[in-house]
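Open your viewer and follow along, one selection at a time. Each stop tells you what to pick and what you will find there.

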Amino acid sequence: MDRLEHIFTLQERFDRDLAQRRQLPDYSPAEWIQKEVLAMVAELGELLEEVNFKWWKNPHPLDHEAIKGELVDILHFLVSMCLKAGITAEEFYQAYLIKNQENFRRQQGLTDRREYAAAREDKEA
């Protein structure tokens, strides 16, 4: 089992345990995803607090462990949403590969979509 599959397995086990232990209602996948998006937004806010986004305050030293903890919290909700949407670790990985390649192509100017056109040096000059 690779690491991503292991994360998905652990999250699925946690989600089942949480629902049983807390006697959560039988939410639909859409309701679960809505709740998890809100939870992820809260976690993103906590991450933002860790990286000195408030320009009007004196910055504090970055806390690597706190940042890592917030990112892991975000990953928990992301993986949980994948599970609720019926997306496997392999499907998620393959979709990532496709999107990553597309993003590189966009930044290299290899797309017809004008909004992604980056300033490039003229190679014929």
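Predicted model: local features only at pLDDT ≥ 70, side-chain atom pairs only at ≥ 80, totals over all residues.

Residues are numbered from 1 along each chain as its sequence is written, and side-chain values use heavy atoms, leaving out hydrogens and water.

Next, colour helix H1 (3-21), helix H2 (29-50) and helix H3 (64-84), each of which supplies at least two residues of this pocket's lining. Helices are DSSP runs (H or I, at least four residues), numbered from the N terminus. H1 provides the largest share of the lining, 5 residues. Colouring the lining by class gives 7 nonpolar, 3 polar and 4 charged residues; Ala, Val, Leu, Ile, Met, Phe, Trp, Tyr, Cys and Pro count as nonpolar, Asp, Glu, Lys and Arg as charged, and the others, Gly among them, as polar.

Now select Met40, Leu47, Ile67, Ile74 and Met81, which form the largest nonpolar core. Such a core is a set of buried Ala, Val, Leu, Ile, Met, Phe, Trp, Tyr and Cys residues joined through side-chain atoms within 4.5 Å; buried means under 20% relative accessible area, exposed over 50%, and partly exposed in between (1.4 Å probe, protein chains only). H2 and H3 are the elements that give two or more residues to this core, and H3 gives the most, with 3. Stay on Met81 and show its contacts (heavy atoms within 4.5 Å): not counting residues up to four places away in sequence, Met81 touches Ile33, Glu36, Val37 and Met40.

Two loops come next. Pick Gln23, in the loop between H1 and H2; its phi is near 50°, positive in a residue other than glycine. Gln23 is exposed, because its relative accessible area is 71%. Then move to Asn52, in the loop between H2 and H3, which also has a positive phi, about 60°, without being a glycine.

Finish at Arg113, in the segment after helix H4 (89-107). Arg113 is at 40% relative accessibility, so it counts as partly exposed.
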